[in-house]
Amino acid sequence: MAYTVPKLKDFSPSTLNHAEEDLLAAFKQEAEDVRRLAQDPTTDLLGKRTAFKQFRDHWMARANGLLAQANENWLKAAPPKEKGGAGRTVNKIRALLKVGVDDLERHVNFCATASPETLAKVGASQALNLTEPQQRIAGQIDISLPGIHRAIGAAHPIIRTQNEIVAVFKNLGYSVAEGPVIETDYYNFEALNFPPNHPARDTQDTLFLANQESKPRREQLLLRTHTSPVQIRTMEKLTPPLRLVIPGKVHRNDPPDASHSPMFHQVEGLAVDTNITFGDLKGTLDHAMKSLFGSDVKTSFRPSFFPFTEPSAEMFVSCFICGGSGKRGNDNAPCRPCKQSGWIEILGCGMVDPNVFEFVKHNGYDPEKISGFAFGMGVDRIAMLKYGLDDLQLFFQGDVRFLEQFA
Ligand SMILES: [Zn+2]
């Protein structure tokens, strides 16, 4: 008979104790079934892994796993006075189940690849005893036993990459600026020299907030499509000279796929001073790319167009995966990240368009007297290249088993 998490009539220590024992007994029984199946040489690899996943979901699934139900029926349902005891019980169960599931996963993985001879031995010796940790803790507390290991978090690979990029520019004397993710049309488009009919303003690309129609266009709110509004916001506050690096989240109306996400990350930079030239831009970015990808990489600039810079360029770095040859490994396999060209497009850049300075001229940004360059790069893409991934979605699915590889 399948176990169900009971609703409790009272939350006394003895009731909680019984409920806990029943739950752990059911867990143990079910784990034992999976363990036997894993050791069975006639079950194929997929069958073993599927059985384990079903078991894990049955107990641990966040939405309606048995642990979640225990949390609901025993802890959340407990009256305030008895929350303490119920909380201890549920916490203990959570820790035990975690240990049990982890042990079983190791066992199933081991059995999934073991030879039939090894499996026979494992079956006979009972070498891996899932029930042990439960018995260890379920009785009296033994202070000589190791404590329950609590995993410490780590920076997400995207944030880590973002921090690395920011650090390169901080070392060059740049300050870090941040700004709101919800922006006005004025800061996101108008002050950056996007003409009123520019395709990027189209609702197909930009996520506008609902019910804004009655407001004047420039006050309408949207999710910023780039971190560039922070350039204008900062120039309104600070007089030149200025050296800024701007990391942050941006949004566009792109359905998620292997290389697109409606939410992604950018790092932009801005340098404004007297006599800033395109040579400064090239020197700065060449240095930055060597710091990020290694001193061997070469950079190449190709003409491009952005509304807020003139002239504009796309910058490419020589492929740091194949060393610029377009081929990989001994069998000369085609290098996918650079599409065999030996070059990877890494960022957009250019000299700040004088029209952009006109919007902040009152604060010392007279385009007759000062000049500047700006650049922007996609952090997510750089992280994919750096970690050799071909699916952007992996970063955003929140699967700890994936993410902990980068911890
Ligand atoms: Zn390559």
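I count two strands as paired if DSSP finds at least two bridges between them, and I take helices (H or I, at least four residues) and strands (E, at least two) as DSSP runs, numbered from the N terminus.

Before looking further, I note that this is a predicted model, in which local features need pLDDT of at least 70 and side-chain atom pairs count only at pLDDT 80 or more, while totals for chains, interfaces and linings use all residues. Residues are numbered from 1 along each chain as its sequence is written, and side-chain values use heavy atoms, with hydrogens and water left out.

**Entry: strands**

I looked up strand S5 (residues 263–273) and found that it runs antiparallel to strand S11 (residues 371–378), with eight bridges joining the two. Within this pairing, Leu 270 stands opposite Ala 374, and Val 267 has Met 377 as its bridge partner.

I then turned to strand S4 (residues 242–251), which is antiparallel to S5 and joined to it by ten bridges; here Leu 244 stands opposite Leu 270. I also checked burial, where buried means under 20% relative accessible area, exposed over 50%, and partly exposed in between (1.4 Å probe, protein chains only). S5 is mostly covered, since nine of its eleven residues are buried.

S11 also pairs with strand S10 (residues 343–352), again antiparallel, through five bridges, and Cys 349 has Phe 375 in S11 as its bridge partner.

**Entry: helix H2**

The 16 residues should span 22 Å, and the end C-alpha atoms are 22 Å apart, which agrees.

Which residues of H2 are buried? I list Lys 48, Ala 51, Phe 52, Phe 55, Arg 56 and Trp 59. They lie on the same side of H2, because they cover an arc of only 130° around the axis, taken from the directions from the helix axis to the C-beta atoms. I recall that an α-helix has 3.6 residues a turn, so residues three or four places apart point the same way. On the other side of H2, I find Leu 46 and Gln 54 exposed.

**Entry: Lys 48**

I stayed with Lys 48 in H2, which is buried yet has no salt bridge (a side-chain nitrogen of Lys or Arg within 4 Å of a carboxyl oxygen of Asp or Glu). The nearest side chain of opposite charge is that of Asp 40, 7.0 Å away, where Lys and Arg count as positive and Asp and Glu as negative, and His and the chain ends are not counted. The side chain of Lys 48 does reach the backbone oxygen of Ala 38, at 3.1 Å.

Notes:
Expected span 1.5 Å × (residues − 1). Polar contact = N/O pair within 3.5 Å; in protein donor to acceptor, adjacent residues only side chain to side chain.
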